[in-house]
Amino acid sequence: MVAPPRSAYLHIPFCHKRCFYCDFSIIPLGDSAQSPDSPGITSINSYLDLLHREISISPKGPALSTIYLGGGTPSLLKKNEVGDLLKNLQRKFGFQDGAEITMEVDPATFFENDLDGYIGIGINRFSLGAQAFDDSTLASIGRKHNRSQLIEACDWVNNLFKKGMLRSWSLDLIQNLPGLNLSKWIKELEQAVSTEAPHLSIYDLTIEPDTVFGRLHKKGKLNIPIDSESQKIDFETTRLLKSRGFARYEISSYSLPGHASRHNRMYWSGSGWWGFGMGATSAPWGERFSRPRTIAGYKKWLEQQESQTLEKTLSIEKSKSMPLDELLMIGLRRREGIHLEELAKNAGWTQKKCDKNLKSLEKFWLNSINEGFLLRHNGRYFLSDPKGMQISNQILIQMFLWWDSLDRDQ
Ligand code: SF4
């Protein structure tokens, strides 16, 4: 069983509109959230009521050390709405001194004084959803903001950081977007570094079937970089960011010294976390649990939990630890990788079972080890950067083939 959770994720599902690549659990509001009694505002109010109710019926746990408000677009909430959510969480769990409290914010949804307001109610880290700087790229992926709004937003956040009002901040970019090539990407990266963000999250574009991009891709109309170009893009990301002092502490996360996200690191360490809200996943005791992805489904689920107690639902899996294949999958994303035997024992394996099965995983990984994609040191396995990180999926597939070959009853 994993240690009791010390982290919480709150899902704020509202967005202005759906970006072309996104299949998250969100509610697009359009321009319907402008005046106090408009449909968008009513929808936000009803959702916040559900979220507060879910926090209130959650089991108790130790004081939180990381809190993350993600979405969606949490910066569509007013500071008192965010403040009330934090107060409710604090009443339930308490916050540790120095807790990292991150809020995702999107350009074109806030002004500088809004950020001041969020800091005033306890936010100490912002994650700014840039995705791209180039205006035509931003338009082609369906983002609401443009380049000048993004640069202005970066300046506002960085000024607050330099004044010591934030412990850190992060910028998100997506690599391998349609129309991108190596020289355009280098400009994007240079621009990201010039914002002085001490943390960068660089995600690979994933094509999800039920999105605008999914449909275009199916028709062969999505001009994404071919494999050889995307490999060059990935190599250049690592090379350029390392040359500017960033460490790649996880496949998609780069930070200057002292700015790795504690909340991110919690996810990849296999620790448990609380999750609240429509579509949110939690894993308080190791096993993952996902809430319904629609507002109607979430409301119905919550009403059932209120009558039968959420504690019971979440505690059903209390005696199980996270399965070893999941621990391996998430642990391998980190720069420090995994200690195979330690993880297996954490997952409840006996020494006899380790001796019998772990050697055979090495056989599945042999080619990756020989090619230098997967490195070994004192029982610890980790992906080489960038070669191994770039083909992490292949190494995980080899691990899942091993997992399927096991007689797990023994
Ligand atoms: S802003 Fe973020 S969550 Fe909202 S639609 Fe775009 S990518 Fe999805």
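A residue is buried if 20 or more other C-beta atoms lie within 10 Å of its own, and partly exposed if the count falls between that cut-off and the exposed limit of 12 or fewer. The exercises below apply to a predicted model.

**Exercise 1.** Determine whether Q131 and A108 are buried, partly exposed or exposed.

Solution. Begin with Q131, a residue of strand β6 (residues 125-131). Around Q131 there are 24 other C-beta atoms within 10 Å. The cut-off is 20 or more, and therefore Q131 is buried. Next take A108, which is placed in the loop between β5 (95-105) and α3 (112-120). Its count is 15 other C-beta atoms within 10 Å, so A108 is partly exposed. Finally, consider the backbone: phi of Q131 is positive, near 70 degrees, although the residue is not glycine. A108, also a residue other than glycine, has a positive phi of about 75 degrees.

**Exercise 2.** Identify the residues that surround the ligand, and find the cis peptide bond that involves G72.

Solution. The ligand is surrounded by C15, R18, C19, C22, F24, I26, G71, G72, T73, D106 and G129. Sorted by class, this shell holds five nonpolar, four polar and two charged residues. Within the shell, turn to G71 and G72. A cis peptide bond joins these two residues, with omega about 10 degrees. G72 belongs to the loop between β4 (64-71) and α2 (79-93). Elsewhere in the chain, the peptide bond from D385 to P386 is cis, with omega near 10 degrees. P386 sits in the loop between β16 (380-383) and α16 (387-390).

**Exercise 3.** Describe the largest nonpolar core and the surroundings of L128.

Solution. The largest nonpolar core comprises 87 residues, and A8, L128 and L200 have the most contacts inside it. Helix α5 (residues 147-162) provides the largest share of this core, five residues. At least three residues come from each of domain 1 (7-269) and domain 2 (324-405). Leaving aside residues up to four places away in sequence, L128 touches several residues, among them V105, A153, V157 and W169.

**Exercise 4.** Characterise the side of domain 1 that touches domain 2.

Solution. First, the C-alpha centres of the two domains lie 30 Å apart. Ten residues of domain 1 are in contact with ten residues of domain 2. On the domain 1 side, α8 (227-243), β9 (247-250) and α9 (262-269) each supply at least two residues. The largest share, four residues, comes from α8. By class, this side divides into five nonpolar, two polar and three charged residues. Lastly, follow β9: a hairpin of two residues joins β9 to β10, and these strands pair in the antiparallel sense over three bridges.

Terms used: Residues numbered from 1 in each chain as written. Predicted model: local features only at pLDDT ≥ 70, side-chain atom pairs only at ≥ 80, totals over all residues. Near = placed C-beta within 6 Å. Nonpolar A, V, L, I, M, F, W, Y, C, P; charged D, E, K, R; others polar. Core = buried A, V, L, I, M, F, W, Y, C linked by C-beta atoms within 7 Å. Domains from an automatic or database assignment. Contact = placed C-beta atoms within 7 Å. Pairing = 2+ DSSP bridges.
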